[in-house]
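Student: I would like a close look at the aromatic rings of this protein and at what surrounds them. Please treat the topic in one connected account.

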Amino acid sequence: MSVVYFLVLLGVLVVVHEFGHFLAAKLLDIKVLRFSFGFGRPLVRVRAGETEYQIGAVPLGGYVRILGEEGDRVSPADAGRSLAARPLWQRLAVVFAGPAANLALPIVVYFALFAGHADLPAAVVGDVIAGGPAARAGVEPGDRVVAVDGDPVRYWEELAARVDAATGRPIRLDIQRDGRRVERFVTPVERVVRERDGRVRRRGWIGVSHAPFLPRIGVIDATSAAARAGLRTGDVIAAIDGVRVDTWTALRRQLTGPARRRTIAYLRGARVPGIPQVELLEPGLADVVPDAKFDAQGRPSADYGIAPAEMFVAAVEPGSPAARAGLRPGDLVSAIDGRPIEYWLELDQALQSDPGRSWKLTWRRTGPDGRAITLNGTIAQRWEAVTDEFGNPARALRFGAVNAVARGEGRRVAIEGRIGYAIGKAIARAGDTVVDMARGLAAIVAGRAPRESVGGPLMMYRVASVSGAKGWDAFLLLLALISVNLGLLNLLPIPMLDGGNLVVFAIEAVRRQPLTAEGRNRVMLVGLGVVVAITLLALRNDVVRYLI
């Protein structure tokens, strides 16, 4: 199937490009001699009107032949219908139409993908991070945000966009809660979000998430109240004293207050014999009598011995920064730089916010006597060279410890006006793709990106194979990306490419006369040299990346 994916990818990209030239020529009444799908000996040939359509034996793209573009002998009857005889703007339109078709193809691809969506994440708060702006403003899990500063919102992406655009200034959230409408004023703070591949984004943050943090608990101290009552790490709390618990925020609130006995209903996973992929949830009840603890000011509180399960370390990579700091599987991460944390998301974002510095990490571990001991270590992350799934070199920030607790599912809502939504999202996504690819291409041309970024046919074969194996959605997304890349490459001012032809036409317009045959040959030789150099670099990278 890899060969099929490669042929489909290459064929669609080239045919779309050539169809752009074909369509522009037809619309301008310039004579098109042949449109071919594939190269080599024609397997099928049909003439419709003045144009010959054929399917070649080699299914690697195709080509269009327009009268007058290759020095054709033009009959007196067609003297005015050759490309060379047309005004400058028409020649520019025909040449530009090929790259334009490649740049427009992603709109079609994205529309097809977005049109298949029936619902989207709703603007409903799944959970609220303690101490964040939203928590201080009184936002609660389950709140449905219906408007921001008076402007209606329906989807979570709309709410996130409004928060991103309002960093540093208060916004009014109109909230639907338990059948009544309330207002909350929240001031988003700016956060630098770094992905582990190095990309940086600045975003507004108010401390809410769409997916709820499930009330899944961990027990690190075998002598704690929770352990004495029979609770275990991984148990999901369903209710406390008869009050339903859906999120970690709700669990925390139920356990806040004076120390007193609690009846906790929980669900515990049990493996099905012979079917390791299936886990059944068994209900249980626990009577938990908390221990009393006192803070530095002597104020009492209840210690139930319950911790968030998602802060337990599931695995540590040998030799990683986490391993060198002393972290082990089963440890409970409790603070970073002295600041208590309850969500792995907070830990990950903190580490990414300043990759170059060292962080003090605090965690708890079950000691030999069953009691929890507190440990500290210094985490200094490092950038490492990695190879992505397509075989390309990349850099990734390595921490080396992961958790293994899944998030809950946030609420979703049906899309209103699916066709209009799909059109708008497709245009916006295509525009973002063109901008991102243009920046990447500019970085390669300017030398800011490594030469290894350039790939050839082997790289295209690999990415087509990997994407195709993931499914048609992934393959279509790849098709859109490479189509933009092909369109932008063809606009480079290199002779033999469409961009080079645009430059030649511009020179002829300034000179008010066409280039001589000798001048055109010299320009083509320069272009040939550049294209050969790029091709050799791409082939060299392919050989090093995939064959050596």
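**Aromatic pairs and an exposed patch**

Tutor: Leucine 43 is part of strand S1, and this placement, like everything below, is taken from a predicted model. With a relative accessibility of 53%, leucine 43 counts as exposed, because the cut-off for that class is over 50%. Together with Phe37, Val44, Val46 and Ile55, Leu43 makes a nonpolar surface patch of about 430 Å². Strand S1, which covers residues 32-48, gives the largest share of this patch, namely 4 residues.

The aromatic rings come next. A pair of aromatic rings is described by the distance of the centres and the angle of the planes. The count here is 8 aromatic pairs. In one of them, the ring centres of phenylalanine 114 and tyrosine 421 are 6.2 Å apart and the planes stand at 85 degrees, so this pair is edge-to-face. Phenylalanine 114 belongs to helix H2 (residues 88-115) and tyrosine 421 to helix H9 (residues 418-445), so the pair ties together parts that are 307 residues apart in sequence. Phenylalanine 114 is buried, as its relative accessible area is 11%; tyrosine 421 also counts as buried, at 12% relative accessibility.

Ring pairs also link Phe19, Phe22, Phe35 and Tyr53 into a cluster.

Over the ring of phenylalanine 213 sits the charged end of arginine 407, 4.1 Å from the ring centre. The ring of tyrosine 110 has the charged end of arginine 429 over it, at 4.9 Å from its centre.

How values were computed. Residues numbered from 1 in each chain as written. Predicted model: local features only at pLDDT ≥ 70, side-chain atom pairs only at ≥ 80, totals over all residues. Heavy atoms only, no water. Patch = residues over 30% accessible without salt bridge, like charges linked within 9 Å, V, L, I, M, F, W, Y side chains within 5 Å. Areas by Shrake-Rupley, 256 points an atom, 1.4 Å probe, with all protein chains shown as cover. Salt bridge = Lys/Arg side-chain N within 4 Å of Asp/Glu carboxyl O. Helix = DSSP H or I, 4+ residues; strand = E, 2+ residues; numbered from the N terminus. Buried < 20%, exposed > 50% of the residue type's maximum accessible area, 1.4 Å probe, protein only. Phe/Tyr/Trp six-rings, centres within 6.5 Å; stacked < 30°, edge-to-face > 60°. Lys NZ or Arg CZ within 6 Å of the ring centre and 35° of its normal.
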